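Subject: Structure handover

Hello,

Here is the structure I said I would pass on. My notes on it follow below.

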Amino acid sequence: MSDPKKLFIRTYGCQMNVYDSERMAEALGGAGYVGTDSADDADMILLNTCHIREKAAEKVYSELGRMKELKTARPDLKIGVAGCVAQAEGAEIIRRQPAVDLVFGPQTYHRLPEMMVRADSGEKVIDTDFPAEDKFEALKDRPKARRAPSAFLTVQEGCDKFCAFCVVPYTRGVEISRPPERILAEARDLVERGVREITLLGQNVNAYHGPGEGGDWSLARLIRALAEVDGLERIRFTTSHPNDMTDDLIAAHGEVEKLMPYLHLPVQSGSDRILKRMNRQHSAEAYIRLIERIRAARPDILISGDFIVGFPEETAEDFEATMDLIRAVNYGQAFSFKYSPRPGTPAAERAQVDPAEASDRLARLQALINEQAAGVMAGMVGREVGVLFEKPGRMDGQMVGKSDYLHAVHVSGADVAPGDLRRVRITGAGPNSLAGALA
Ligand code: SAH
Ligand code: SF4
Ligand code: F3S
């Protein structure tokens, strides 16, 4: 028998791409490929790409330039481009970089083994369909390999909201929810392989409405059913839209013990004028009231968010409204980005903010968020929290895990193994992580 072929995957973008890359590795595993951590000795290189901001998309082309050098030295090397850049740009990718052999979008990677056969015979393969068949079903008979304690599980894909800045509705397509019984089966399978925490994924995860027993299930109903799975200790979900934060989902945060006290709820801006121009369909006040209701159900919940600064036509006053909203909410964490015009989206055609002014606003916003996040971390000192241990730390005898609030926690000299869920007393807060001792 010949040696197995080696597969190298580089993943960009959101957690859904991380999930998809795992599925691609499994699909190619069935076709005789084993994973490698180095592009240099790979027979097949896959870049699973992100199109959300221009920088993210351009990174792919510079990376492909490097991959082309490898291919010049080893002509048998196959190069594939997957994900959202592939979906958005299709054949253009091979035109810009002829060393690429395959281009396929987020909805067709279950066809990879068949695409590989075509690529091996010298064909350039492009598959950016939105097929009728279900890729999750096509891939469900996966190898029973042991898994890390924390796993992602995609439950919903695509988006119908069409925020004026965003490519997701174009690259991921219309919003589709997977049936709950398939999600529950996948969750049980993950638990059998050592998983104790599952993060439910969707571009718009709280819009979940999977067809199940007794009609469409809400995300809250799915979470309550998952909480019954023995051996599954923690449930999280991301990313949510404020307008889909229903009463039953808010109530679940107060009632379901396994649902962790952390919520990523992007608002993008605190200016009503900008929110309207973004097509977000809610006001700043409505968002702040929503956060109050969520905190009434679960007072200790850590709120995380996303912000875009320098959106077209954003004035100094609009930006101050965003800073006011941040002060009103007090975030434990947030991601913030300078607006990046994306071809084909409505906002790309509008009057752009001066880039230097946008950079200045971004720096001010990030300073405020960092201050709030540090305050939230300092507030953890002296408290007892749950920690799911994941791996050894950098120091001898140290283990690292994640707290209920998703903070990294270091514990030294304790008898714990990856997958252990233990109570930990927090003793100190650093810039990026907490330190603690078993309680
Ligand atoms: N579905 C999620 C977000 C998905 S994209 C939601 O509705 O919030 C992740 C984040 O990238 C967004 O929340 C937004 O903050 C940022 N983003 C999206 N498009 C962008 C663009 N054109 N320029 C800058 N940031 C952008
Ligand atoms: Fe993009 Fe999120 Fe808006 Fe959908 S809801 S268009 S994914 S930002
Ligand atoms: Fe990027 Fe596509 Fe995710 S554009 S953020 S990889 S949905």
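Arg96 has a relative accessible area of 41%, which lies between the 20% and 50% limits, so the residue is classed as partly exposed. This is a predicted model, and that applies to everything in this email. Arg96 belongs to helix H4, residues 92-96. Beyond its neighbours up to four places away in sequence, Arg96 touches Glu58 and Tyr61. Gln366 is 270 residues away from Arg96 along the chain, and the two C-alpha atoms are separated by 36 Å.

Ligand 3 and the annotated cysteines

The residues surrounding ligand 3 are Cys14, Asn17, Thr49, Cys50, His51, Ile52, Cys84, Arg172 and Gln203. By class, that shell has four nonpolar, four polar and one charged residues. An unreviewed UniProt entry gives the annotation "binding site" to Cys14, Cys50 and Cys84. These three are spread over 71 residues of sequence but cluster in space, with a largest C-alpha distance of 10.4 Å.

Cys14 sits in the loop between strand S1 (5-11) and helix H1 (15-29), and is partly exposed at a relative accessible area of 34%. Cys50 sits in the loop between strand S3 (44-49) and helix H2 (54-73). Its relative accessibility is 13%, under the 20% limit, so Cys50 counts as buried. Leaving aside neighbours within four places in sequence, the contacts of Cys50 are Tyr12, Gly13, Asn17, Ala56, Ala57, Cys84 and Val85.

Helix H9

Which residues of helix H9 (residues 219-226) are buried? They are Leu219, Ala220, Leu222, Ile223 and Leu226. Because they cover an arc of only 160° around the axis, they lie on the same side of H9. The elements that cover these buried residues include helix H8 (180-192), strand S10 (197-201), strand S12 (215-218), strand S13 (234-238) and helix H10 (247-255).

Backbone points to check

Most residues other than glycine have a negative phi, and most peptide bonds are trans. The peptide bond from Thr238 to Thr239 is cis, with omega near 5°; Thr239 is in the loop between S13 and H10. Phe162, not a glycine, has a positive phi of about 50°. Phe162 is in the loop between strand S8 (156-157) and helix H7 (168-171), and at 38% relative accessibility counts as partly exposed. Asn330, also not a glycine, has a positive phi of about 60°. Asn330 is in the loop between helix H13 (316-329) and strand S16 (333-338), and is partly exposed with a relative accessible area of 37%.

The protein as a whole

The protein has 14 helices and 21 strands. UniProt, in an unreviewed entry, places the feature "domain: Radical SAM core" at residues 145-378. That span is 39% helix and 19% strand, and its end C-alpha atoms lie 39 Å apart.

For 439 residues, a compact globule would have a radius of gyration near 22 Å; the protein has 22 Å, so the two agree. Taken along the principal axes, the C-alpha atoms fill a box of roughly 60 × 60 × 50 Å. Of the 439 residues, 54% count as buried. Among contacts with a separation of 6 or more, 71% are between residues 24 or more positions apart.

Regards

Note on methods: Residues are numbered from 1 along each chain as its sequence is written. Chains are lettered from A and ligands numbered from 1 in the order in which they are written. This is a predicted model: local features need pLDDT of at least 70, side-chain atom pairs count only at pLDDT 80 or more; totals for chains, interfaces and linings use all residues. Side-chain values use heavy atoms; hydrogens and water are left out. Helices (H or I, at least four residues) and strands (E, at least two) are DSSP runs, numbered from the N terminus. Buried means under 20% relative accessible area, exposed over 50%, partly exposed in between (1.4 Å probe, protein chains only). Contact means heavy atoms within 4.5 Å. A residue is near a molecule or strand if one of its heavy atoms lies within 4 Å of it. Ala, Val, Leu, Ile, Met, Phe, Trp, Tyr, Cys and Pro count as nonpolar, Asp, Glu, Lys and Arg as charged, and the others, Gly among them, as polar. UniProt positions are given in the numbering used here, feature names are shortened, and annotations may be inferred rather than shown by experiment. The arc is that of the directions from the helix axis to the C-beta atoms. The radius of gyration is taken over C-alpha atoms; the globule rule is 2.2 Å times the number of residues to the power 0.38.
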